[in-house]
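Hello,

Here is the structure you asked to look at.

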2 protein chains.
Amino acid sequence: MSGPILRRYAAAGAWDEVEVRAYKNDDAAPYRDVTRRVLFEHPELACALRYFEVAPGGHTTLERHRHVHAVVIQRGRGRVLVGSRVEAVAPFDLVEVPPLAWHQFRADADAPLGFLCMVNAQRDRPELPDAATLARLREDPAIAAFIRVDGGAATG
Amino acid sequence: MSGPILRRYAAAGAWDEVEVRAYKNDDAAPYRDVTRRVLFEHPELACALRYFEVAPGGHTTLERHRHVHAVVIQRGRGRVLVGSRVEAVAPFDLVEVPPLAWHQFRADADAPLGFLCMVNAQRDRPELPDAATLARLREDPAIAAFIRVDGGAATG
């Protein structure tokens, strides 16, 4: 739908007139303590802009898909896995998730991690890692440590 | 082009590995003290995400176009004209510029105004106001005061 011209930022990752949504509608996708806000979604826009906030200690789903994520970190601190890289991120770092790169966002234990994410309005559904993929990812010690906490078990 | 996975925010509206560009390539479009950075532009993304920064006292071009702007204010303070509304904005307010709405962004005199702007990769060229349009816009005293400073004269 077309939205109002101005929606003011309230505080702490919240806006007036922007609904908080469940991160996923798919109960099978493991994640912890993530909320989603759709900031812009318009019939004349070819992309959507969403805001995700991961609470301290939480994480998004480890997944991949054909569509690209264009991410601007907005608030807090955390780490990201993209492909074979694990990196610390802070406001307003830019993260690009290329097609079919396994990726996950984790907030630090003592801070939330809030980020804007631009995606094509028309996009494919995410794929979850199977056991063989998880085993292969874990061959890299940095990735093994990063995804260790739940390692694919459903917690969301 | 496809970009690097991570580009870190440096400070004050600047990122590592993100080039500062002229705001417009069109010398006929009036503006003052605006720079542009293309944060995300990817063959598989249907939109681009740009960062514009208006220096204190500066302003973007007063213009309109068919394509929609989806804006997140990132830094500083200023005011925006969208259609018939003039509003003060601050981080991280959301501004949606609907199709064919006349619009302009102005930084306050003592602060920059930096904002993210999402647009379709395929989009129409902006239209500038002619004398009749300016006269009609100026019938609203709030708009007249807002666009007063250069009122269409080329300063960029």
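The model is a predicted one. Chain B can be laid on chain A by a rotation of 180° with 0.0 Å of shift along the axis, and the RMSD is then 0.0 Å. That is how two copies are related by a two-fold axis. Both copies use the same surface: 100% of the contact residues of chain B recur in chain A.

The contact between the chains

The contact is made of 35 residues from chain A and 35 residues from chain B. On chain B, the strands that each supply at least two residues to the side touching chain A include β1 (6–7), β5 (32–40), β6 (47–59) and β12 (113–120). Sorted by class, that side of chain B has 22 nonpolar, six polar and seven charged residues.

Strands also pair across the two chains. Strand β10 (residues 94–97) of chain A is joined to β1(B) by two bridges, and the two strands run antiparallel. In this pairing, B:Leu6 of β1(B) is the bridge partner of A:Val95.

Chain A by itself

Chain A has two helices and twelve strands. Along the sequence, the order is β-β-β-β-β-β-β-β-β-β-β-β-α-α. Its radius of gyration is 15 Å, close to the 15 Å that the globule rule gives for 156 residues, so chain A is as compact as a globular protein of that length. Along the principal axes, its C-alpha atoms fill a box of roughly 50 × 35 × 30 Å. Of the 156 residues in chain A, 36% are buried. Among contacts in chain A with a separation of 6 or more, 64% are between residues 24 or more positions apart.

The nonpolar core

The largest nonpolar core has 71 residues, and those touching the most other members are A:Val71, A:Val72, A:Leu116, A:Met118, B:Val72 and B:Met118. Strand β12 (residues 113–120) of chain A gives the most to this core, namely six residues.

What does A:Leu116 contact, leaving aside its neighbours within four places in sequence? Its partners are A:Leu49, A:Tyr51, A:Val71, A:Val72 and A:Gln74, together with B:Val72 from the other chain.

An exposed residue

A:Ala131 belongs to helix α1 (residues 131–137) of chain A. A:Ala131 has 8 other C-beta atoms within 10 Å, so it counts as exposed, the cut-off for that being 12 or fewer. From A:Ala131 to A:Ile143 is twelve residues in sequence and 15 Å in space, C-alpha to C-alpha.

Regards

Conventions
Residues are numbered from 1 along each chain as its sequence is written. Chains are lettered from A and ligands numbered from 1 in the order in which they are written. This is a predicted model: local features need pLDDT of at least 70, side-chain atom pairs count only at pLDDT 80 or more; totals for chains, interfaces and linings use all residues. Two residues are in contact if their C-beta atoms, placed from the backbone, lie within 7 Å. Helices (H or I, at least four residues) and strands (E, at least two) are DSSP runs, numbered from the N terminus. Ala, Val, Leu, Ile, Met, Phe, Trp, Tyr, Cys and Pro count as nonpolar, Asp, Glu, Lys and Arg as charged, and the others, Gly among them, as polar. Two strands pair if DSSP finds at least two bridges between them. Copies are superposed by least squares on the C-alpha atoms of residues with pLDDT of at least 70 in both. A residue is buried if 20 or more other C-beta atoms lie within 10 Å of its own, exposed if 12 or fewer, and partly exposed in between; C-beta atoms are placed from the backbone. A nonpolar core is a set of buried Ala, Val, Leu, Ile, Met, Phe, Trp, Tyr and Cys residues joined through C-beta atoms within 7 Å. The radius of gyration is taken over C-alpha atoms; the globule rule is 2.2 Å times the number of residues to the power 0.38.
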